[in-house]
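Here are a few notes to read alongside the model. I hope they are handy as you look it over.

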Amino acid sequence: MITIVMGSFQSLPDDHQYRTLSQKTGFSLEQIAILHNRFKQLSQNEETLRRDDLKTIQDLESNPIRSQIIEAFFDSRNFQKDVVGSVEEIGFEEFLTVMSYFRAPPQHITEEQREEIRRAKLRFLFNMHDTDNDGTITLEEYRHVVEELLSRSGALGRETAKGIADAAMLEVASISVGPMAPDEFYEGITFEHFLKILNGVEIETRMNIHFLNMDATVLCK
Amino acid sequence: MSVRKRRIYIDYCGMFILVLGLLVGSLMPLGGAASSPDTGTGHGGSHGNKNPGNGTTYSKKPFPVLSFDYEHVRLPFEISLWVLLASLMKLGFHLIPRVSSIVPESCLLIVVGLLVGGLIKMVGEDPPVLESKIFFFYLLPPIILDAGYFMPIRQFTENLGTILMFAVVGTLWNSFFVGGLLYGVCQLEGHKLAYVDLLSCLLFGSIISAVDPVAVLAVFEEIHINELLHILVFGESLLNDAVTVVLYHLFEEYSSVGSITFMDVFLGIVCFLVVSLGGIVVGAIYGILAAFTSRFTSHTRVIEPLFVFVYSYMAYLSAEVFHLSGIMALIACGAVMRPYVEANISHKSHTTIKYFLKMWSSVSDTLIFIFLGVSTVAGPHQWNWTFVVATVIFCLVARVLGVVGLTFVINKFRIVKLTSKDQFIIAYGGLRGAIAFSLVYLLNPKHFPMRNMFLTAIITVIFFTVFVQGMTIRPLVDLLAVKKKQETKRSINEEIHTQFLDHLLTGIEDICGHYGHHHWKDKLNRFNKKYVKKCLIAGERSKEPQLIAFYHKMEMKQAIELVESGGGAKLPSALPSTVSMQNIQPKKPSQDRALPQLSKAREEEIRKILRTNLQRTRQRLRSYNRHTLIADPYEDGWNEMLLKRKKMKELEKKMNNYLTVPAPPPDSPTITRARLASDPQAWGLKSVTESIPTIKVDLASPQSPESVNVVDEFSKKGSQPKEEEGGLTMKVPSPAKQRKDKTPDEEPQQRLMRCLSDPGPAPEEIQPLRSCSGCALHI
């Protein structure tokens, strides 16, 4: 369901810039304009956005994985190829690039394109889990993920988080690697294994949000 | 065909013919008796059941030793016979594998109904007709409740907009298109059909345009289509009930008057909103009541399923009192109560509810189709080529146009667009069924002189959709390579990531600044968690987050499967052991290690001690038989510990199983211990020699669980070992003592143990597992 409230459609300040962005990310010009407004609102009309700006969003307070979401925006791997590390502030282009991971795939695409989009989205998720940028999700990192998910559930969450993470890790290992001798060690979930275990989840259709084409009254909180 | 199979067929046929004969026979001589009260001419040929009462004189007769009084039990007897016939038919179809894969069950059942009806007519009696009251009050609710209770809420709410569009706008379009065009045809046709007026045609259109949930379920269940399409067609068939109810009543009311004003149309729209929303509200109220009641049933588990059924049925009937949509009430009731009731009721009640619902809906479904066949033979028909053919064609055309047009509009708003393959399946899957038939049957012949013609036309359409479309949809699905349902089990990784995605998408929506689908869903979930769950779920489980609930459910399922399979003589074939905990735990010493590294000498000592004590234990155990093991679990502390250890081993073996797809090899100690569960004599231990140092971590490894469990007994129970037990507990003081010294390190060990052994939020959860291990011991 979407809420469409007609607002004023602002004229595009920098048409050429928007067009290049549109080509790069795939958003339409109207969507870019709306997101730019939001960006300006969050960054208080500055050119760059910082972590603290995102932390001011009130609705995010109750989100258990808040810090990871915010981190994802400042993670270089998500907007630049082959660069690791995180940055302190991002511009609108990076903001838009991160947002583009949540765009729905267009209707008429080939299988390879669909697979590519799927890989890109899963890569985003992978990067969110792999906090130390070493290319694998270790047991500790996975435990952290589950703990964060259950962080609102008090003591019960903390106790079982470990068990759940362990069970999940074992499952990944058994699906990806198969039988292992007792002295072998499973380093961590690589990206390929990650793809394998999430084969059943249709990421390309689920990891999307609806970007509005018309300016809603921006609900800033 | 093998001899055994042939025998099965022969036995089955014999039984079936017997039942069929009984049925026809019961209708035969006493059909006359039944109809005679109606004739009212008092022809006393009531087959000598009564004495024509002379009153005073009473001649003495010999005492009747054996008498035949069929009228007495007539009604329940006939009903039971019909149900029996239906169930036998269902059995029969699955004995003939080839037929059931080509022809859907519904078709076969209609054919059977035709045959039975024909038989009865041949005998000279009136075949019974599918009375609308029986249909709407007894046959339809179980099917709808089954559908509503097990409705996949997630997909349903995600596609709710689309479903509503198809249900409301689609049905309206269909009704008016078919009704209008039929009226045109009737006018054009001239002499025979001129008496059919516009309102009657519209009424007919509204009845026939509703997609039928029973037929859709019956056909779609067999083709295993992907979930999206299934929920779209099925959801549409459920939600269009409100539209059908309103249109039906509207046109029925005013057809006698002859015209409709604009006011009536407006009131009709208001009525539609009232009917649908009212139905949902009534259902939701009863659902909440049922959930609330289930909070208190922890002491009377046996009647838990009854509450679910009765509250739902009451919801249906209450909605029918006000002429609201009963189907929507049932769906709302089932969907609302389910998450809360399932958190409260026992596992056995859950199974009972599931099986009862499936059984009733299955029987209902079968009966409906058989009766459709019988009614076809029975019902008064009036065949009119033009009308019937026109109806069939217009229905098809209307459906296709409607789906295509609506999809065009809907795709503008959907993230995941509907492809043309999807559209084809949606259009093709619009089957009509018994609801339409019953609605026509309800029409009053005085007001609607063309009722018989309508009946004939409806039956033709139903037959066409069920036979032609039902039979061809499966090869078409294969031909078009439509995505099928994925049969994979839900894994813990998928569950984690589903939750993760939900939160992620909500967060991104918040950052984007607009309140979309995920935001509202998240708000609803939080409201649910904060207020509703506290009211409706008993005890500790109200605070259990979904991920943990899922995890516990999986563990429970695994444990039960394990116990059920592990007790028998047959064991899964030897497969190499797969991943266990030590494979993923980091090798470098982390602070999780509770034990220091033991020296080699110490290791040897421990091994020797364990070996000797285990041998002694073996001797001890030989003196127990399985009955005393269960009979006095608390009398002897040793017994309790043994049971507990068995349970933990099973859990641990379950962890092994769960985490690894194949089972551990049959000669591993885990399996032998499972064998112990059924036969205490078979305690053949593998040597407990390997890998003692990794006591703490090696929980799921098949090699040395005994040592671990010994230690675990300590951590879990923390009790002092008894002197006279000797055995395992006493003679391994050193590692235990060392561990006791390191209490902070014990914590992670305990936690890990507890995690793996499913603490559950409430201690009563252990109970079902305990009873299962009891079951295993008795196998």
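Predicted model: local features only at pLDDT ≥ 70, side-chain atom pairs only at ≥ 80, totals over all residues.

1. Let's begin with helix α2 of chain A, which covers residues 29-42 and so counts 14 residues. From its first C-alpha to its last, α2(A) reaches 20 Å, close to the 20 Å expected at 1.5 Å a residue.

2. How much of α2(A) is covered? Mostly covered is the answer, with 10 of its 14 residues buried. The buried residues are Leu29(A), Gln31(A), Ile32(A), Ala33(A), Ile34(A), Leu35(A), His36(A), Arg38(A), Phe39(A) and Leu42(A).

3. What covers these buried residues? From chain A, the cover includes α1 (15-25), β1 (49-50), α3 (51-55), β2 (89-90) and α6 (92-100). Chain B takes part too, through α19 (492-512).

4. Do look at the backbone just after α2(A), where Gln44(A) takes a positive phi of about 55°. Asn45(A) has a positive phi of about 65° although it is not a glycine. This Asn45(A) lies in the loop between α2 and β1 of chain A, and it is exposed, with a relative accessible area of 61%.

5. You will find His323(B) in the loop between α12 (304-321) and α13 (326-344) of chain B. Is it buried, partly exposed or exposed? His323(B) is partly exposed, at a relative accessible area of 48%.

Technical notes: Residues numbered from 1 in each chain as written. Chains lettered and ligands numbered in written order. Heavy atoms only, no water. Helix = DSSP H or I, 4+ residues; strand = E, 2+ residues; numbered from the N terminus. Expected span 1.5 Å × (residues − 1). Buried < 20%, exposed > 50% of the residue type's maximum accessible area, 1.4 Å probe, protein only. Contact = heavy atoms within 4.5 Å.
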